[in-house]
Amino acid sequence: MSEYDSVSRSSLNLKGVSDKKINKKKKKKDKEREAMKMYEQVSNTKSSEEDGKKTKPVDKRTKAEKAFDGAREKREAELIIDKASKTHKERIMLFNSHLDAMTEHFDIPKVSWTK
């Protein structure tokens with residue numbers, strides 16, 4: 001006889017669930033529905049325009065969101081310019097000088113004040 005003969009080989013049963021399927025609540029997709037309605041409205045207004053005038057897309061972001069996006073784009077542009085201004089060799093030399101200026105990681109710190 002093996003040590004594993006008494007082991008149950010069936011799946012685990014959950015308390016309170018008669019059929020062995022877990023009942024999950026369905027998430028509401030209100031945001032997606034609203035987005036689809038807005039898209040339909042925009043597409044309907046574009047198709048119904050007979051004057052040939054182009055309308056600006058409505059920006060529904062807040063002032064803070066607009067400022068955040070502007071600052072992010074500015075940072076990304078500065079990063080790209082900074083990376084493009086240096087060659088690989090210059091970046092390696094800068095990195096090596098940075099490593100030289102750092103303290104050694106594996107130095108043993110001084111423990112006692114007497115010595």
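## Close-up views of a predicted model

**View 1. Arginine 61 and aspartate 69 meet in a salt bridge.** The closest N and O atoms of this pair lie 2.3 Å apart. Please keep in mind, as you look around, that the model is predicted. Aspartate 69 has a relative accessible area of 16%, so with the cut-off for buried set at under 20%, aspartate 69 counts as buried.

**View 2. Aspartate 59 bridges to arginine 61 and to lysine 66.** Between the side chains of aspartate 59 and arginine 61, the N to O distance is 3.0 Å. For lysine 66 and aspartate 59, the corresponding N to O value is 4.0 Å. Aspartate 59 itself is partly exposed, because its relative accessible area of 38% falls between the limits of 20% for buried and 50% for exposed. Lysine 66, at 39% relative accessibility, is likewise partly exposed.

**View 3. Five residues join in a network of salt bridges.** Asp59, Arg61, Lys66, Asp69 and Arg72 are the linked members. Arginine 61 takes part through aspartate 59 and also through aspartate 69. In the whole structure there are 4 salt bridges.

**View 4. Phe95, Leu99 and Met102 make up a nonpolar surface patch.**

**View 5. The protein chain as a whole has 3 helices and 0 strands.** To close, here is the setting for the views above. Following the sequence, the elements come in the order α-α-α. The chain has 115 residues, and 1% of them count as buried. Its exposed surface comes to about 12,900 Å², and carbon and sulfur atoms account for 57% of that area. Aspartate 69, shown in the opening view, is a buried residue at 16% relative accessible area.

Notes. Residues are numbered from 1 along each chain as its sequence is written. This is a predicted model: local features need pLDDT of at least 70, side-chain atom pairs count only at pLDDT 80 or more; totals for chains, interfaces and linings use all residues. Side-chain values use heavy atoms; hydrogens and water are left out. Helices (H or I, at least four residues) and strands (E, at least two) are DSSP runs, numbered from the N terminus. Buried means under 20% relative accessible area, exposed over 50%, partly exposed in between (1.4 Å probe, protein chains only). Accessible areas come from the Shrake-Rupley method with a 1.4 Å probe; for residues, only the protein chains shown count as cover. Patches are made of residues with over 30% relative accessible area and no salt bridge: like charges are joined within 9 Å, nonpolar side chains (Val, Leu, Ile, Met, Phe, Trp, Tyr) within 5 Å.
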